[in-house]
Amino acid sequence: MRPGVAAGHPATAAVGAEILSDGGTAADAVVAMALASCVAETVMSGLLAGCHAIAFDGTRVLNLDGFAAVPSEQAELAELEIPFGDEPVVYSIGAPSCAVPGLPAALGELWRELGRLPWSRLCEPAHALARSGVVLPEMHARSLEMFDELYSLGGGARLFAPEGRTLAEGETLQQPGLAQTLEALAEEGAASAYGGSLAEALLAVDGVVLTPSDLAAYRPIWRDPVVVDYAGRRVATRAGLSGVPELLTRMPRLSELTSTERVLSLAAALAPRPRGGEHTTNMVAVDGHGRACVLTHSLGVGAGVWIPGFDTQLNNLLGESDIAHGDPQPGDHLESRMAPTLVFDTNGLELAIGAAGATRLRTALATVLAAILDEGHDAETAVDLPRVHPTQELIDAEPGVDERALAQLEESGHTVRRWERLHHYFGGVSCVGRAGAAGDPRRSGAAAIL
């Protein structure tokens, strides 16, 4: 397999290609891309996020749980109603919604265990992006417009609406404080967010319920992957709230179906789940030695609160009802739907893939997996195929979904909502494999094969 990268923004993907060309491992590339995404993709996530990763070092496959943790104290959250698609969704935001971030610690752990280049080298591209600013691509601009009320709160107004309106496609997003954030990370390492200058600035934000002990106690957790059979391959992913292993075991074989039969089979297999709207991004790298790494991270939708001087938004993961599960205690990692995934056949690694998109994440991931592994499409075609997403209330369909299938679904009593154009609602898939590499146009994604 040729080395390659894929991510949710052209600038993020370019950083991954740069690091691989400089001799970095797949993990090095993903760490550098994740840091770059915290500059280029702040409409989708940010440094104080939670994350999950999967890595293959040529011998072992390991999952890394770097999701956010429950702090020792809690407080009442503010609420904000935002139209998501055609429906209003209430989000719980504000400084008290910020859980203990896991992304910085997880990046440090990936680098220590699987990296080769110096940590400071991996911080350089993100630092350069913070100094120069990044061009806002179409899908990020559309997402920003939809969430303008949230992103215009507090310090966000200066960054995302500097002239009294949210930035439009093609305009430059300037976040100068992120240069200071990246300098702190480069000098102090990931520990800066847990006991250094970033931690000090975070704890000083008015209303934050995190304590120094909460930050100091945080640890990412290495876990074994769940491995299931699908389309004659072994698929390594994560279980829990993701639901991906269970979904793959009941996915229909699509390769010999008509277009109509394909849509009907997918609609039946993709069982509905509660809706949710948190912003997420994903990045993938495969290096020249066949090592791979996939990482997905999210702030939720964000707390609408930024660290002064650092231009870094707090997560609102304590307020994300979509991932509320069980009875997590202080220090416990919250649940997540993230499912970074690796696929192996008899010849070894075949595909590295991940997806963003809250409750649509597993729909997007499974649909693209089926298109590549079962239907034999190349990566770009598989990612571009129109998607359907059943919910408890209706079936969402992108432009291009077989109309005869949608008519049959309506005749059987389903309500079908036809979307007029591509939308980040339907998730964002990034993948690299023998079938090529692809970033998702629904997130203005990009990919490169070296």
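The sulfur of Cys38 is 9.6 Å from the closest cysteine sulfur, which belongs to Cys51, and that is too far for a bond. A disulfide is a covalent bond between the sulfur atoms of two cysteines; here it is taken as a pair of cysteine sulfur atoms within 2.5 Å. Cys123 has its closest cysteine sulfur in Cys38, at 11 Å, again too far for a bond. By this rule the count comes to 0 disulfides.

Before I continue, a word on the origin of these values. This is a predicted model, in which local features need pLDDT of at least 70 and side-chain atom pairs count only at pLDDT 80 or more, while totals for chains, interfaces and linings use all residues. Residues are numbered from 1 along each chain as its sequence is written, and side-chain values use heavy atoms, with hydrogens and water left out.

Are these two cysteines buried or exposed? Cys38 is buried, with a relative accessible area of 5%, and Cys123 is buried at 1%. The term buried means under 20% relative accessible area, exposed means over 50%, and partly exposed lies in between, with a 1.4 Å probe and protein chains only.

I turn now to the aromatic residues. A pair of aromatic rings is described by the distance of the centres and the angle of the planes. Rings of Phe, Tyr and Trp (its six-membered ring) pair if their centres lie within 6.5 Å; planes under 30 degrees apart count as stacked, over 60 as edge-to-face and the rest as tilted. A search of the whole structure finds 9 aromatic pairs. One of them joins Tyr151 and Trp306: the ring centres are 6.2 Å apart and the planes stand at 70°, so this pair is edge-to-face. Which parts of the chain does this pair tie together? Tyr151 lies in helix H6 (residues 148–151) and Trp306 in strand S13 (residues 306–307), so the pair links parts that are 155 residues apart in sequence. Helices (H or I, at least four residues) and strands (E, at least two) are DSSP runs, numbered from the N terminus. Tyr151 is buried, with a relative accessible area of 1%, and Trp306 is buried at 9%.

Another edge-to-face pair is formed by Trp419 and Phe426, with 5.3 Å from centre to centre and 75° between the planes. Both Trp419 and Phe426 are buried. Returning to Tyr151 and Trp306, I note that they form one aromatic cluster together with Phe160. There is also a charge over a ring: Arg360 lies over the face of Tyr425, at 4.5 Å from the ring centre. The rule for this asks that NZ of Lys or CZ of Arg be within 6 Å of the ring centre and within 35 degrees of the ring normal.

The next topic is helix packing. Two packed helices are described by the angle between their axes and the distance between the axes. Axes are lines fitted to C-alpha atoms, for helices over the stretch in contact, and angles run from 0 to 180 degrees between N-to-C directions. Angles under 35 degrees count as roughly parallel, over 145 as roughly antiparallel, 65 to 115 as roughly perpendicular and the rest as oblique.

Helix H1 (residues 10–21) and helix H4 (residues 119–132) have axes that come within 11 Å and cross at roughly 150°. That makes H1 roughly antiparallel to H4. Helix H2 (residues 26–40) also packs with H4, at an angle of about 25° and with the axes 8 Å apart. H2 is therefore roughly parallel to H4. The axes of helix H13 (residues 259–269) and helix H16 (residues 403–411) come within 7 Å and cross at roughly 45°, which makes H13 oblique to H16.

How many residues of helix H5 (residues 138–146) are buried? The count is 7 of the 9 residues, so H5 is largely enclosed by the rest of the structure. Among the buried residues of H5 are Met139, His140 and Arg142.

Asp311, found in the loop between S13 and strand S14 (312–313), has a positive phi of about 50° although it is not a glycine. Asp311 is buried, with a relative accessible area of 5%. Ser444, in the loop between strand S21 (436–438) and strand S22 (446–449), has a phi near 55°, a positive value in a residue other than glycine. At 13% relative accessibility, Ser444 counts as buried.
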